[in-house]
Amino acid sequence: MSGAAGRVREDLLALVPDLGVWWYALALLPLLLAAALLLGLGRRRVPPGHRVVHRGSMATAGLSALGVAGVALDRPVLELSWIPSLGVSFSLRPDGLSVPLLLLTALVGVVATALHLHPAREPRPEPVDLADTDPTSPIPVVRGEDVPGLATYHACLQVVLLGALVAFLAGDALVFFIGFELVLVPMWVLVARYGDPGSDREGAALRFLLVTVVGSSLVLLGILAVASATGTTDLALWAAEGGASLGRGSQLAVAAVLLVGLGLKIPVFPLHTWLPWVHATAPTAGSVLLAAVLLKLGTYGVVRLVVPVVPEGFAAWSPLLAGLGVTGIFWASLVCLVERDLKRLIAWSSVAHLGFVVLGLATGTQAGLQAALFGNVAHGLVSALLFVVVGGLKHRWGSADLGRRRAAVREVAPRLGLALVLGMAASSGLPGLAVFWGEIGSVLAAWGPAADRPEGWFRAFAVLAAVGGALAVAYTVRVLREVWAGDRVEPRVPDAELTERTALRMLGLLVLVLGLAPTLLLGVTAPFVEGVLAR
Amino acid sequence: MSLELGLVSVLPVLAPVAAAVLVLLLDVVVPGRREPHLVLGAGGLVAGLLGALPGLRVGAGEVRSALCLPGGWCAYRADHLVSALQVCALGAALVVLVLTWRDWAAPGRDGGPEGTGRAPVVTALLLAATAGVVAVPASGDLGSLLVSLELATLPTVALVALVRTTWAADRRARAVDGAVSLLTTSLVSFGLLALGAALWVAATGSTRFDGRTQVDHPQLVVLAAVLLVAGLAFKLSAVPFHAWTPITYAAAPLPVTAYLATVSKVAALGGLVVLVRALGAVDGATLVAVAVLAAASMTVGNLVALVQHDTVRLLAWSTVAQAGWVLLPLASVSAQAASAAGSYLVVYVTATTLAFVVLAAVVAVAPVARPTSLEAQRGLLRTHPLLALPLALALLTLAGLPPAVAGVVAKVVALRPVLGDETWWLALVAAVNIALGLAVYLRWVAVLLAPAPTEAGPPRSQVPTRLWALTGVLTAVLVVGSVLPVGAL
């Protein structure tokens, strides 16, 4: 723990009550109870009004966020014997790797539950040009309203959060896997039932489900292979052993299976094809959770299950992984230059950002790992911010098609416009905003990779990644020109309402803070990174 | 030569047999009554269950044996795993009996040919079959194995064929069709088993499973083992020996289908466990045979289940796929293989029984013509949430997806031995099948979750109390198994 951050943490620790493992109860139980309660309520003949459900759900996420903050500060260790016959214990053990992601999940959870769900409507009539515009065309509702199945929707959000928190907290591989899988069914329901009815939402949901289930089945194979070689499922013991009980062939096989499985989730080029479709279809909160939390499960899995556990296997595959990451950066950035659906465009830019994260991971250096972890969190914040904006715009416009002429966001919705500018600027890697440190760090680390990596290849990857990063500026300019700038003021759309404003402020502030003071986050992850790559 | 009896240990087998005999005697004494027969049958199953329960507490390596010879060999040996299988079979049989209670006790129309109902005959058949199932995993020699396997199979043929005379003629004809295909395949499988047994005796010179003292012809043992596995695969409905399954399941009355899908599978797996243990260190050829059976079963079962429009047929094909999962651990040399297969089977039987119970309840209340079709269950979560949630739990358990952690742990237990061996091709087939299986079961769950169709009319009747009780108990078992999983037996 570096000096300043460490002192801050100690001061904060002195302030918080010492709840020990009860922090876990505060972090996890509200989500579980609220999900059960909401499912029960939703089944009643007369479901509760949207205010009750919405506020209850937000309060739950807030309570859980409080618990997560306590866990992050206190870092209690919970060990319960769970399945003795398999040697599995229910252990929760946060460390420098998981704490930033836990906090991110808690924050995004509050944001996702706060966003209003709106029933599907017909797209607004397309204004042919300014003269034909119908100035009385209905202005969409942006406040909360009664939507059929609202309680089930919020219950699904809570279960997704619960699963993600369990996966990030887990100190045991099987507990991680159960958390990893727990998010699937609720996410599937979110996309299939509450997604954009204008697109093939059931197809998108099924695609999401099958792809991620294939991924998690492969992860299960990898976990079980390591478990049967080491005789334990304790993640700390796996990391301490560093693959000593697996031969080189086994390490290669295990690393391949795990990387493909997790690569489907991250997603790494060419396993990314499901992501843009699902993002384009999912409801706004679903997109926010998917980008900021679910994709993180993939990168977290690589850092937790692959890098320290089968180092030799990972080193062997890392040039390929880095190459695929760079290809992803290029491919996604080029697609962003022509993509017509704004929400899908943001999803593609996610693929590009995660390409940088994968590149950083593959370098096998402390700097690379640090950059990857930083980029991971930064991408979570920025993509959550952008999906809040873009999801809001899609609801207001009735579609996210960039081909239609619309009012300039700068003119009609300046607050949303400001958030969009901030998000896109951060996304293009502007210095002073969060994503910059992750991307520059990854490129620098790729220039000087670990000794067992082919230096020439990695230098080429570094150059290509830097060029790909420049493409991000091009698509940022494109989005801002088509959406933000201009002088049309019809058809009018309402500006950000209270929950959106609050969410955007929180996320935007964090993007700025992390951009200006990256050591806040780097200091938290440093001990973990030194522990992993000290060997 | 004196035989040590130890009848207390054999109670799980003796109680159903005794009850079957008593049921027939009772019918002579009180030919006009029906309920006493069913009560007596249930009593026999409960007595067997209570007799098997102490076996769950015996430690590793300990055996409750009976019918022992002075040399130490016993014709009946029940250790922890065997007792667990017996408890599972007896419990599932009891569920089936309760499920079919009303149907079997009811007299026919207007004092027709079934004026007094069919309870005595069918109850005795059910008890006899269950006694056979319970005896299979405990058998200590080839003779008892073959006899108890046939005892477990032949009565079920009659159970499939003996449908109510009040059924429509074509429906009854189909039931006879189903019974005939079951009979044919069971005869073929018995032929394979008998051939395998003969080769076994020729190779080892003994019918007893007491560790092979001398093996004169190792090749013959391999051949015998492969034939025996094939014979048992018929019972387990593993591909390519599965052809009877969809026909018979769709034709038989629902409770009998539930019996075939759960209790009968215990017999097949019990036989495999006995075989694997008798072989000791299993040789390569048998392993490959089992691996191919497992991979083919799960893949074919899931792919065909994916396009079914009737829930009973879907469950029939899912049985084929799950048979592959039960076989999966047996394809490894690991010592835990038998216990892993048994653990998976227990979870499978619990979840499948629950699914059938809910299905019976849906049939009881559904206002539509074909209540078992997938389409008839659209929106069940909205119309009958207390039926839909247990059903969804059972399906998620079969799929192996949280929140049904019991199913996840069962998949973990089944996969572990395979990955211990690093049989990567089999593990990858299994991984793909996890995804396929998920598509199968979630297709059903999606129908349950979908918005209900516009008013289909008032429900025909209330769900009977006994079905509520069964649903409650089985759901509780699955929930407890998800919160505190047992893992490997």
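**Buried residues, helix packing and backbone geometry**

Ser373(B) has a relative accessibility of 9% and therefore counts as buried, where buried means under 20% relative accessible area, exposed over 50% and partly exposed in between (1.4 Å probe, protein chains only). The model is predicted: local features need pLDDT of at least 70, side-chain atom pairs count only at pLDDT 80 or more, and totals for chains, interfaces and linings use all residues. Residues are numbered from 1 along each chain as its sequence is written, chains are lettered from A and ligands numbered from 1 in the order in which they are written, and side-chain values use heavy atoms, with hydrogens and water left out.

Ser373(B) is located in the loop between H12 and helix H13 (380-383) of chain B; helices (H or I, at least four residues) and strands (E, at least two) are DSSP runs numbered from the N terminus. Not counting residues up to four places away in sequence, Ser373(B) touches His309(B), Asp310(B) and Thr311(B), contact being defined as heavy atoms within 4.5 Å.

Chain B as a whole contains 17 helices and 2 strands. Its radius of gyration is 22 Å, close to the 23 Å that the globule rule gives for 489 residues, so chain B is as compact as a globular protein of that length. This radius is taken over C-alpha atoms, and the rule is 2.2 Å times the number of residues to the power 0.38. Along the principal axes, the C-alpha atoms of chain B fill a box of roughly 70 × 60 × 40 Å. Of its 489 residues, 61% count as buried. Among contacts in chain B between residues at least 6 apart in sequence, 78% join residues at least 24 apart.

The largest nonpolar core has 362 residues, of which Trp200(B) and Leu415(B) touch the most other members. Such a core is a set of buried Ala, Val, Leu, Ile, Met, Phe, Trp, Tyr and Cys residues joined through side-chain atoms within 4.5 Å. Helix H12 (residues 337-365) of chain B supplies the largest share of this core, 19 residues. Leaving aside neighbours within four places in sequence, the contacts of Trp200(B) include Leu142(B), Phe209(B), Val221(B) and Leu275(B).

Helix packing in chain B can be followed in one pair. The axes of helix H5 (residues 142-161) of chain B and helix H9 (residues 254-279) of chain B come within 11 Å and cross at roughly 170 degrees. H5(B) and H9(B) are therefore roughly antiparallel to each other, a label for angles over 145 degrees, with those under 35 counted as roughly parallel, 65 to 115 as roughly perpendicular and the rest as oblique. Axes are lines fitted to C-alpha atoms, for helices over the stretch in contact, and angles run from 0 to 180 degrees between N-to-C directions. The residues of this contact divide into 9 nonpolar, 3 polar and no charged.

A cis peptide bond, with omega about 5 degrees, joins Val239(B) and Pro240(B); Pro240(B) lies in the loop between helix H7 (218-236) and helix H8 (244-251) of chain B. Ser237(B) is also placed in the loop between H7 and H8 of chain B. Its phi is near 50 degrees, a positive value in a residue other than glycine, and at 0% relative accessibility Ser237(B) counts as buried.

Notes: Nonpolar A, V, L, I, M, F, W, Y, C, P; charged D, E, K, R; others polar.
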